[in-house]
Amino acid sequence: ESITFPEGITLQEMSDIIVSRNFENFDPGEFITLTQDKEGYLFPDTYQFLPDDTAKIFVNTLTKTFNKKTQDLQKTYTGQRSWEDIITMASIIEKEASNNFEEQQIVAGILWKRIDQGMLLQVDAPFVYAIGKGSTQLRTSDLRADGPYNTYTRKGLTPTPIGNPGLSAIEAAMNPVESLYFFYLHDMNGGIHYGVTHDDHVRNKRAYL
């Protein structure tokens with residue numbers, strides 16, 4: 001039976017999709033237990049599974065595929081970042097940029113630069129993961145409420161990936177494009193607008209949001 005997991009999907013969302021497809025021997029509780037430290041490391045793709053496959057088979061297949069698909073990238077990577085940081089950043093890029101590789105690389109460059117310069121990341125995507133709210137639903141109180149996934153109150157990357165990234169986002173995290181930009185936002189049509197200074201960003205907000 002064919003089943004597709006989109007790029008950026010979380011473990012909980014994977015489990016929900018499998019449950020909705022009525023795999024009779026699939027235990028969602030077992031799936032979540034088996035994947036406790038695996039957020040980010042199950043590969044989003046289209047798979048063929050048998051109707052009586054168990055949670056264990058799903059987890060093993062998704063993990064093996066991740067390792068197979070990323071082993072060459074891991075081997076050839078010569079940068080300074082840890083593999084864990086790369087995957088966490090890729091999971092954020094997956095939600096913060098479109099599927100356009102060039103855009104993913106520029107966003108990666110901006111976010112790494114913010115980290116390297118000791119700035120807050122200030123990205124909204126982790127809120128969806130932590131409290132289930134997207135950019136349009138976030139209130140100022142949410143941004144101020146400190147928590148491990150709040151990149152407005154805590155510096156650096158989130159403690160874990162916030163989803164399971166695809167190859168493009170992983171490659172972008174490994175090969176960021178340097179730019180003058182420190183800011184970006186998406187308009188209502190998904191177009192991206194970059195800013196060098198905070199003033200640029202405020203102007204873009206007024207113009208595009």
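Biologist: At what angle do helix 4 and helix 8 pack?
Modeller: Helix 4 (residues 83-96) and helix 8 (residues 167-174) pack at about 120°, and their axes are 8 Å apart. This is a predicted model, where local features need pLDDT of at least 70, side-chain atom pairs count only at pLDDT 80 or more, and totals for chains, interfaces and linings use all residues. Residues are numbered from 1 along each chain as its sequence is written, and side-chain values use heavy atoms, without hydrogens and water.

Biologist: How are helices and axes defined?
Modeller: Helices (H or I, at least four residues) and strands (E, at least two) are DSSP runs, numbered from the N terminus. Axes are lines fitted to C-alpha atoms, for helices over the stretch in contact, with angles from 0 to 180 degrees between N-to-C directions.

Biologist: What does that make helix 4 and helix 8 to each other?
Modeller: Oblique, therefore. Under 35 degrees counts as roughly parallel, over 145 as roughly antiparallel, 65 to 115 as roughly perpendicular, and the rest as oblique.

Biologist: Which residues of helix 4 meet helix 8?
Modeller: Among them are Trp-83, Ile-86 and Met-89. On the helix 8 side, the residues include Ala-169, Ile-170 and Met-174. Contact means heavy atoms within 4.5 Å.

Biologist: And helix 3 with helix 8, what angle there?
Modeller: Helix 3 (residues 55-76) packs on helix 8 at about 25°, with the axes 11 Å apart. That makes helix 3 roughly parallel to helix 8. Phe-66, Lys-69, Thr-70, Leu-73 and Gln-74 of helix 3 touch Leu-167, Ile-170, Glu-171 and Met-174 of helix 8.

Biologist: How do helix 4 and helix 5 cross?
Modeller: At roughly 125°, with the axes of helix 4 and helix 5 (residues 101-116) coming within 10 Å. That makes helix 4 oblique to helix 5. Contacts include Ile-86 and Met-89 of helix 4, and Leu-111 and Trp-112 of helix 5.

Biologist: New topic. How many salt bridges?
Modeller: The count is 6, taking a side-chain nitrogen of Lys or Arg within 4 Å of a carboxyl oxygen of Asp or Glu. One of them joins Arg-21 and Glu-1, with the closest N and O atoms 3.5 Å apart.

Biologist: Where do Arg-21 and Glu-1 lie?
Modeller: Arg-21 is in the loop between helix 1 (11-20) and helix 2 (28-34), and Glu-1 is in the segment before strand 1 (2-4), so the pair ties together parts 20 residues apart in sequence.
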